[in-house]
Amino acid sequence: MSNPFVQIVEPLDPKQPLKKFFNLSKLEDARYARLPFSIRILLEAAIRNCDEFLVKKGDVENILNWKVMQHENVEVPFKPARVILQDFTGVPAVVDFAAMRDAVTKLGGDPEKINPTCPADLVIDHSIQVDFNRQSDSLQKNQDLEFERNKERFEFLKWGSQAFKNLRIIPPGSGIIHQVNLEYLARVVMDQDGYYYPDSVVGTDSHTTMIDGLGVLGWGVGGIEAEAVMLGQPISMVLPEVVGYKLVGNPQPLVTSTDIVLTITKHLRQVGVVGKFVEFFGPGVAQLSIADRATIANMCPEYGATAAYFPVDDISIGYLIQTGRDKEKVMYTKRYLEAVGMLRDFKNSSQDPDFTQIVELDLHTVVPCCSGPKRPQDKVAVSDMKKDFETCLGAKQGFKGFQIAPDRHNSIVKFNFEGHDFELAHGSVVIAAITSCTNTSNPSVMLGAGLLAKKAVEAGLTVKPYIKTSLSPGSGVVTYYLRESGVMRYLTQLGFDVVGYGCMTCIGNSGPLPESVVEAITQGDLVAVGVLSGNRNFEGRVHPNTRANYLASPPLVIAYAIAGTVQIDFEKEPLGINASGKKIFLKDIWPTRNEIQAVERQFVIPGMFKEVYQKIETVNKAWNALDAPSDKLYTWNPKSTYIKSPPFFDGLTLALQTPKTIEDAYVLLSFGDSVTTDHISPAGNIARNSPAARYLTSRGLTPREFNSYGSRRGNDAVMARGTFANIRLVNKFIDKQGPQTIHFPSGEILDVFDAAERYKQAGHPLIVLAGKEYGAGSSRDWAAKGPFLLGVKAVLAESYERIHRSNLVGMGVIPLQYLPGEDAGTLGLTGRERYTIIIPEKLKPQMNVQIKLDTGKTFHAIMRFDTDVELTYFHNGGILNYMIRKMAS
């Protein structure tokens with residue numbers, strides 16, 4: 001390899017002369033030693049691939065000059081080593097690949113050029129739902145129903161695994177994508193093509209950042225961007241700022257990693273890290289296990305950063321051994337990292353690199369906490385939960401308010417469940433779920449929950465039978481050590497049976513609540529509560545009938561389930577009273593850190609990981625029995641309601657179309673702050689009165705066959721109708737929550753899809769107005785694809801979450817941003833105007849464009865195409881159009 005930037009290329013081991021690496025630590029350049037470790041990985045990738053894709057010969061210099069260049073909007077290419085996908089985002093990606101093969105064929109190219117060029121792993125973890133719980137056969141019933149509902153999708157994915165090279169499918173029932181990545185897929189150091197180099201990954205799930213806890217640089221991208229990476233296209237990114245997050249001190253005995261991450265999430269939201277890397281350092285990091293670090297890195301999207309990186313240290317190396325990785329490979333991993341100066345000692349401050357900004361947290365100041373009731377950054381100390389919920393009840397409708405009239409705060413509704421009488425009130429817990437890769441990947445909190453359950457059962461405590469309890473581990477290893485340590489039976493006695501291996505409640509696959517519970521909630525207009533060990537609690541996400549949802553550690557999930565309400569002060573009030581009349585307090589059953597660590601040392605062993613993962617690709621008999629076609633081009637079934645050839649490439653030609661000014665656009669919707677991708681493109685329940693439901697009914701389906709929006713992402717007809725279909729949507733044009741808007745030409749209030757169809761038929765372009773943090777949440781490509789299909793040409797917002805802005809770019813939808821200090825209010829915009837957006841012939845990154853209103857007013861906004869490469873995508877009508885033209889020509 002001829003590479004002008006290579007200083008030293010040498011074998012790591014004389015016995016393996018082909019195994020070489022770029023020894024950047026021996027660059028005779030003092031700048032390298034001052035780079036954050038995350039930036040060193042970007043530099044290594046640029047040097048390793050510079051002959052292949054460096055846009056400018058100065059890119060390596062720009063990265064070495066990181067401290068100077070980070071404020072200059074310098075564009076750098078980054079080619080990840082791997083791509084990881086889950087099925088909700090993976091199915092539409094494979095659908096796009098199949099459609100792209102068709103399009104390349106029509107343009108006279110070779111369809112097999114549409115093929116992953118780097119390793120891509122797709123983990124099926126988003127399809128299983130909590131339909132059954134509190135039964136000994138819940139797991140099998142849920143898995144059987146998952147296959148019944150999703151057989152067509154699974155057959156399609158199996159076709160994809162055979163039709164495309166480098167695409168591996170991890171079957172359903174294996175675990176959650178990020179935990180499987182952490183425990184099995186991640187390499188830390190790649191051993192490929194004759195070279196050692198750092199592992200790095202992008203994924204079609206926003207919580208791909210979890211792997212940063214193991215020292216693998218990774219983050220979430222939209223499915224569209226991931227597809228381009230799989231086809232060999234680098235990610236073009238602006239050289240990021242890196243915020244150094246210094247951890248000092250030791251956590252208190254009762255504090256869990258969940259408490260730490262919820263504290264960090266609130267802190268970094270206040271600091272403001274959107275679009276930046278966060279890199280952790282300081283002696284406090286050495287106090288955290290890899291599972292603790294992974295928990296903190298997992299919630300990176302909730303504090304808005306691009307990546308949340310923990311450099312590799314000896315604890316990371318120990319984790320690789322603990323999880324059953326090949327010891328010889330682990331040895332070479334350590335030797336490589338030592339040789340290139342990337343093995344970190346967090347107690348050695350002389351290794352601390354330069355950072356853009358440094359913030360600090362003393363771990364000893366962290367207290368047990370939850371977050372909610374509607375956002376992950378709204379941390380509440382457990383000691384304040386009762387008071388905080390009572391305040392939220394009466395507060396104005398918003399992120400911390402439900403606007404319940406004072407005379408209704410003490411409302412109680414009686415109901416009957418399975419022959420017994422119960423009561424529900426505001427704050428009653430109706431869902432309690434130990435779920436999500438965020439916490440189930442961490443043995444300390446999972447064993448802590450198991451030990452708490454054991455003590456609770458022995459103390460005579462129970463969980464009310466109507467509460468929907470569930471345990472959905474992130475991998476089979478969790479069940480293994482819970483069972484071997486003897487705590488599984490106590491979890492089962494409290495109702496926390498294993499219901500499946502997948503995301504489940506965390507993504508809204510929580511299944512139905514008992515009818516009598518739903519009737520009681522509806523009758524009393526109650527603010528019922530879900531408590532889950534997940535990472536997101538946006539409105540309408542967890543369940544339509546839980547208006548308040550709190551994120552908590554697994555032990556606290558059990559505690560609130562036993563209490564039956566969040567209106568409890570654990571310090572002063574007992575969890576319950578046992579049969580002997582004794583009051584049992586939370587402190588009586590909370591396990592100590594020493595207890596948990598002793599059990600973890602004994603039962604979380606390498607043999608478990610090896611046994612579970614050596615059969616992960618073959619253990620699911622139903623998957624093995626699926627019959628899939630072997631053709632390189634997919635044969636589309638016109639009767640399918642799951643898999644449909646998308647219209648994105650209809651009429652595509654090799655010639656580029658010059659972008660045109662958007663003239664007299666109507667505003668489809670007007671939003672405030674923090675509109676999430678769940679609001680834009682919900683993943684869960686398809687409401688029976690929705691446009692998507694009407695479409696499925698017209699195709700002969702009954703409501704029980706609707707499945708979820710997430711499972712229908714291979715069908716654009718469903719997903720277009722599901723766009724802006726969240727029942728908690730707040731549109732300023734309408735005076736109540738709901739997925740409706742005003743069709744201004746007629747003045748009618750219509751479902752959003754129906755209004756968009758009217759505009760489209762009349763030839764009117766559309767835009768969306770929004771506030772801050774537009775597109776927060778999941779890396780959901782349908783949150784950009786859906787608006788595109790509705791005819792939305794641009795979004796005008798105060799700020800964007802990183803992944804969603806990238807997705808809009810990928811679909812050719814223009815992300816516009818108000819100038820600093822301006823917003824809809826200061827400009828006097830009502831959204832009832834018509835907007836003409838002037839698109840100049842010559843475009844440049846982040847240029848200002850003129851917007852004219854039909855009222856005669858004119859103002860400017862920033863066109864958020866941040867790099868030249870993004871402008872290239874825009875001229876092509878999106879990333880995928882660009883890739884098709886590239887492959888066809």
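# Close-up views of a predicted model

View 1. The side chains of Asp121 and Arg168 form a salt bridge, with an N to O distance of 2.6 Å. Because Asp121 belongs to strand E5 (residues 120–123) and Arg168 to strand E6 (residues 167–170), the pair ties together parts that are 47 residues apart in sequence. The two partners can be described by their accessibility: Asp121 is buried, at a relative accessible area of 3%, whereas Arg168 is partly exposed, at 26%. The model shown here, as in every view that follows, is predicted, and a search of the whole structure finds 37 salt bridges.

View 2. Arg780 forms a salt bridge with Asp678, and the closest N and O atoms of the pair are 3.1 Å apart. Since Arg780 lies in the loop between strand E29 (766–769) and helix H30 (782–790), while Asp678 lies in helix H26 (residues 677–680), the contact ties together parts that are 102 residues apart in sequence. Arg780 is buried, with a relative accessible area of 4%, and Asp678 is buried as well, with a relative accessible area of 3%. Elsewhere, a network of salt bridges links Arg805, Arg864, Asp866 and Glu870.

View 3. Leaving aside residues up to four places away in sequence, Thr435 touches Thr440, Ser472, Cys503, Thr505, Cys506, Leu532, Ser533 and Gly534. With one of these neighbours, Ser472, the contact is polar and runs from side chain to side chain at 3.1 Å. Ser475, which is 40 residues from Thr435 in sequence, is 11 Å from Thr435 in space, C-alpha to C-alpha. Ser436, in the loop between E20 and H16, has a positive phi of about 85 degrees although it is not a glycine. Ser436 is buried, with a relative accessible area of 1%.

View 4. Most residues other than glycine have a negative phi, and most peptide bonds are trans. Against that background, the peptide bond joining Gly372 and Pro373 is cis, with omega of about 15 degrees, and Pro373 is located in the loop between strand E16 (369–371) and strand E17 (379–381). Ser674, in the loop between strand E26 (662–670) and H26, is not a glycine, yet it takes a positive phi of about 55 degrees. At 9% relative accessibility, Ser674 counts as buried.

**View 5. Helix H27 and what covers it.** Within helix H27 (residues 691–698), the buried residues include Pro691, Ala692, Ala693, Tyr695 and Leu696. Among the elements that cover the buried residues of H27 are helix H28 (716–721), strand E28 (748–751) and helix H29 (752–761). Just after H27, Gly700 takes a positive phi of about 90 degrees.

**View 6. A barrel of 7 strands.** The 7 strands close into a barrel in the order E26-E29-E30-E31-E34-E33-E32, with mixed pairing. From one strand to the next, the twist averages 40 degrees. Strands of a sheet pair through backbone hydrogen bonds, either parallel or antiparallel. E29 and strand E30 (residues 792–797) pair in the parallel sense, over 4 bridges, and Ile767 stands opposite Ala794 in E30.

**View 7. The division of the chain into domains.** The protein chain is divided into domain 1 (6–78), domain 2 (82–365), domain 3 (369–604) and domain 4 (662–888). The centres of domain 1 and domain 4, taken over C-alpha atoms, are separated by 38 Å.

How values were computed:
Residues numbered from 1 in each chain as written. Predicted model: local features only at pLDDT ≥ 70, side-chain atom pairs only at ≥ 80, totals over all residues. Heavy atoms only, no water. Salt bridge = Lys/Arg side-chain N within 4 Å of Asp/Glu carboxyl O. Helix = DSSP H or I, 4+ residues; strand = E, 2+ residues; numbered from the N terminus. Buried < 20%, exposed > 50% of the residue type's maximum accessible area, 1.4 Å probe, protein only. Contact = heavy atoms within 4.5 Å. Polar contact = N/O pair within 3.5 Å; in protein donor to acceptor, adjacent residues only side chain to side chain. Pairing = 2+ DSSP bridges. Axes fitted to C-alpha atoms, helices over the stretch in contact; angles between N-to-C directions. Domains from an automatic or database assignment.
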